[in-house]
Amino acid sequence: MSISKIASTCVSKKEQCTHLFRILGYSQHRATGASKFILSDTFSFGEHDWQLFFCPDGIPFRPNGDCIAVALWLLDKSTKSDSFDIELRLLDQGTGRSLSVHKEVSRVFGDNGHSRLAICVIERKLFEETAYLQDDCLTIESIVTVFRKPLVTETKSLPMIKVPPSDIADHFGKLYETKEGVDVTFSVGGVDFTAHKTVLATRSPVFRAELYGPMREGGSEPIVVEDIQPDVFSALLHFMYRDALPDFDDLKADDYVEMIRHLLVAADRYAMERLKLMCQSIICRSLSVQTVATTFALADQHQCDKLKDACIEFVTSSNAIDDVAATQGYKNLKRTCPFVVIELLEKTSRLRKA
């Protein structure tokens, strides 16, 4: 399966401007009437024009001798697509540090004159008795941040480095083919097989106990393996090294299933659960009226619960219990393993009634 990753990026865009408005001869502007105000020069920022208002005697329509007023005025009206952060500060003439006296976040200015003003009223004593007013000079600092519409980049494919599938089975398979470093020999039905102890012990706890446990055989003589056919043991070793079954291309259908049955017995003998499940899966797909009884007996003998359940489901779903009972395999099973037959009949009966 081919997997690709693509991505686009949303980048928030903002711009910031700081404007300093210095008022020299501050005392000369006092007590000149509430209608008196001072304007800074127009400054352009963020595609807009701005101006600072300074009212030394408070807001013109609300004079107050104890306060002054500072306002930031947006001169143009095309503002609906932008939002702004506004901050007004007083600059300390001695240290250069500033004191924030007014702040608005995400301010959207309107079309009429009043809604385009950010007004700040400051108590006069806040700065007249401090270093913010020095040598009759007052400096007002305005900081404007404009937020633009987020920019979304074009969708692009992310770089990817393709990792090939695991090839560990190929490496172990070549090790088995070359026989390099083999250190154990098995005699199976008169045929010798060489292998690597560490590989077998890694794959099978039974082999690990036989080869490295306290009951391990000493010497260099071949280990004799009883009750397994040479071709079955060969398939077992093939799976141990490659984690896959041989092709069995030279076997006919019935012979192939019979080989898998023998391989299931070997897998159970050497506690190889994955191989055991693979064999059960193959046998399950080949169930028939003629084989289901003997398959159930095989599954019962080697603790293959999934295969037993598959046999019962086959009988109940095909409603073939009478046909199964007429087979020679069922008759043999009834004679040699009556308890297995009882279990098969009881479970089948319960499922048919459910």
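## Strand β15 and its partners

Strand β15 pairs with strand β17 (residues 223-225) in the parallel sense over three bridges; two strands count as paired if DSSP finds at least two bridges between them. Val225 in β17 is the bridge partner of Val188. Strands here are DSSP runs of E with at least two residues, helices are runs of H or I with at least four, and both are numbered from the N terminus.

β15 (residues 184-188) is also joined to strand β16 (residues 191-195), by five bridges, and these two strands run antiparallel. Across this pairing, Phe186 stands opposite Phe193, and Val188 stands opposite Val191. Two residues lie between the strands of the β15 and β16 hairpin, where Gly189 has a positive phi near 60°. Four of the five residues of β15 are buried, so the strand is mostly covered, because buried means under 20% relative accessible area, with exposed over 50% and partly exposed in between (1.4 Å probe, protein chains only).

## Basis of the model

This is a predicted model, in which local features need pLDDT of at least 70 and side-chain atom pairs count only at pLDDT 80 or more, while totals for chains, interfaces and linings use all residues. Residues are numbered from 1 along each chain as its sequence is written, and side-chain values use heavy atoms, leaving out hydrogens and water.

## Helices α6 and α7

Helix α6 (residues 253-269) packs with helix α7 (residues 273-285) at an angle of about 150°, and their axes are 9 Å apart. The axes are lines fitted to C-alpha atoms, for helices over the stretch in contact, and angles run from 0 to 180 degrees between N-to-C directions. α6 and α7 are therefore roughly antiparallel to each other (angles over 145 degrees count as roughly antiparallel, under 35 as roughly parallel, 65 to 115 as roughly perpendicular and the rest as oblique).

On the α6 side, the residues that meet α7 include Tyr256, Ile260, Arg261 and Leu264; on the α7 side, those that meet α6 include Leu275, Lys276, Cys279 and Ile283. The residues of this contact divide into nine nonpolar, one polar and three charged. Contact means heavy atoms within 4.5 Å. Ala, Val, Leu, Ile, Met, Phe, Trp, Tyr, Cys and Pro count as nonpolar, Asp, Glu, Lys and Arg as charged, and the others, Gly among them, as polar.

## The whole chain

The chain has 12 helices and 17 strands. Of its 354 residues, 39% count as buried.
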